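Trainee: Could we go through this model together? I would like to begin with the packing and then turn to the domains and the charged pairs.

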Amino acid sequence: MTVIKQDDFIQSISDAFQFISYYHPQDFIDAMIAAWKKERNLAAKNALAQIIINSQMCAENKRPLCQDTGIATVFLKVGMNIQWDAKLSLEEMVNAGVKRAYLHTDNILRASVVSDPAGNRINTKDNTPAVLHVDIVPGDELEITCSAKGGGSENKARLAMLNPSDSVVDWVLKTIPTLGAGWCPPGVIGIGIGGTAEKAMLMAKQSLMSHVDIHELQEKVKFNQKLTSIETLRLTLFEKINRLEIGAQGLGGLSTVLDVKILDYPTHAASLPVALVPNCAATRHVTFTLNGNGPVKLTPPTYDWPHINLTQANTKRLNLDNITKADLRSLKQGEQVLLSGTLLTARDAAHKKLIDLLNNNQPLPVDLTNKIIYYVGPVDPVKDEVVGSAGPTTSTRMDKFTRQLLEQTGVIGMIGKAERGDDTVTAIKENGAVYFMAVGGAAYLVAQTIKQAKVVAFPELGMEAIYEFVVKDMPVTVAVDTQGDSIYVRHLI
């Protein structure tokens, strides 16, 4: 009989979350490299290049692929014949492993989980509790899948209770453009069909844990091999979604999805539940088995990295320490820019505090005059780092605050990822401001441009505090210029 020891289980969970924080699955990065090689849209190709370079840097330095190191999700398939040598519950052991991983001093991971989600939203400080799913199965082994899902992609999960006669393809093609670019395409789309509402959502999430293998289905078609109905549906959706030309980071181009995964389950005759869950460019998951012979020993992938030079030809440079609105008028959407100088960070919680102070006629803790705000919640630094991974968060969450900040504080620009709402674009135009896009999925690469970092307001917010960053040649793209022209493709709704 297999005996699983408590310490082995906890250490395996910890090692797995450390592992996936800096190693992409090899099949995923192979697909990303293939997408980069065939891409002809220069903006999208540059975004793909940054993601690939970031992946290589993280693998070599063992630092997070993305500043959003995710909410920990664990799937367990527990063999019926297993015996446990443990005093803690399964949930307690999983959380002990997650805590150990996220507080690891050599590679600190960002704690993003908040308790009292509909109330005070207090950070739990160690990214626990994890989300746990358990299946009891025949056998004497323990199969474990660990996944770290970022908020930007998780927020784009969708569920529809369709009529039995409705088209799944039509619903997916209608839904994908409404997701915007905040889920950091290209990635993998997971779909669950059937069961009940919660079963469909779980299947969609579980489908994302499998290998990228759409190329195998394409080969089967090439050699006239028969496809199952699910395989046919996967291939149909893959081809039609990519024809939408949303592309990398929403910039257009050939690759919006790298694969479409589908799981299905019998459902009620009156129902057709369909769930959609995207995985982002920081796709992180690993599956392994414990059989009583100690903790897991995970083998690093053997990537074949391409040689990529990020071109800086025709790139403008801006000095943030003496920039004015007049300097912004010459910028046009789509232009590549290197930023140097001082900027301030702020995301959801900090924006809320700033707006509350403005509404109560109270002074702000920082001077925002002629400042650029970067939407980011960085990872804590280790060793001699200035800051840990520090990529952009989804900008649309800040839309409801933007007009007031532009009109009342002197802010002249913002940096984030993904599109802005129509009202926000109008506010940017009316205030002569600009919105820059940084590449989601290139967080460690961006962090190398940050030369100084210090908290200047709201330290109680942890990673959501306001930081002052001094940057050198931070790469961004003009996403919305002072005339309100946007780089984002019209396929986004």
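Trainee: What does I144 touch, leaving aside residues up to four places away in sequence?
Mentor: In this predicted model, I144 touches F9, I13, V74, F75, L76, V286, T287, F288 and L290, where contact means heavy atoms within 4.5 Å. Residues are numbered from 1 along each chain as its sequence is written, and side-chain values use heavy atoms, with hydrogens and water left out. Local features need pLDDT of at least 70 and side-chain atom pairs count only at pLDDT 80 or more, whereas totals for chains, interfaces and linings use all residues.

Trainee: Which residues touch the most other members of the largest nonpolar core?
Mentor: F9, F17 and I144 do, in a core of 133 residues. A nonpolar core is a set of buried Ala, Val, Leu, Ile, Met, Phe, Trp, Tyr and Cys residues joined through side-chain atoms within 4.5 Å. Buried means under 20% relative accessible area, exposed over 50%, and partly exposed in between (1.4 Å probe, protein chains only).

Trainee: And which helix gives the largest share of this core?
Mentor: Helix α3 (residues 42-61), with 10 residues. Helices (H or I, at least four residues) and strands (E, at least two) are DSSP runs, numbered from the N terminus. Apart from this core lies another, of 28 residues, including L331, L339, V387 and A390.

Trainee: On to the domains. How is the chain divided?
Mentor: The division is into domain 1 (1-24 + 65-149), domain 2 (151-291) and domain 3 (316-480); the bounds come from an automatic or database domain assignment.

Trainee: How many residues of domain 1 are in contact with domain 2?
Mentor: 27 residues of domain 1 meet 23 residues of domain 2. The area buried between them is about 2,000 Å², with carbon and sulfur atoms giving 58%; buried area is the accessible area (1.4 Å probe) that two parts lose on being put together, summed over both. On the side of domain 1, F75, I144 and K149 lose the most area to domain 2, together 30% of what that side buries.

Trainee: How many salt bridges cross that interface?
Mentor: The rule finds 1 across the interface of domain 1 and domain 2. A salt bridge here is a side-chain nitrogen of Lys or Arg within 4 Å of a carboxyl oxygen of Asp or Glu. The side chains of K149 and E154 form a salt bridge at 3.2 Å, N to O.

Trainee: How many salt bridges does the rule count?
Mentor: The count comes to 21. One of them joins D399 and R420 at 2.7 Å, N to O. D399 lies in helix α12 (residues 399-408) and R420 in the loop between β16 (413-416) and α13 (422-430), so the pair ties together parts that are 21 residues apart in sequence.

Trainee: Is D399 buried or exposed?
Mentor: D399 counts as buried because its relative accessibility is 16%. R420, at 6%, is buried too.

Trainee: What about E407; with which residue does E407 form a salt bridge?
Mentor: With R403, the closest N and O atoms being 2.9 Å apart. Both lie in helix α12, 4 residues apart, about one turn of the helix. E407 is partly exposed, at 46% relative accessible area, and R403 is partly exposed at 31%.
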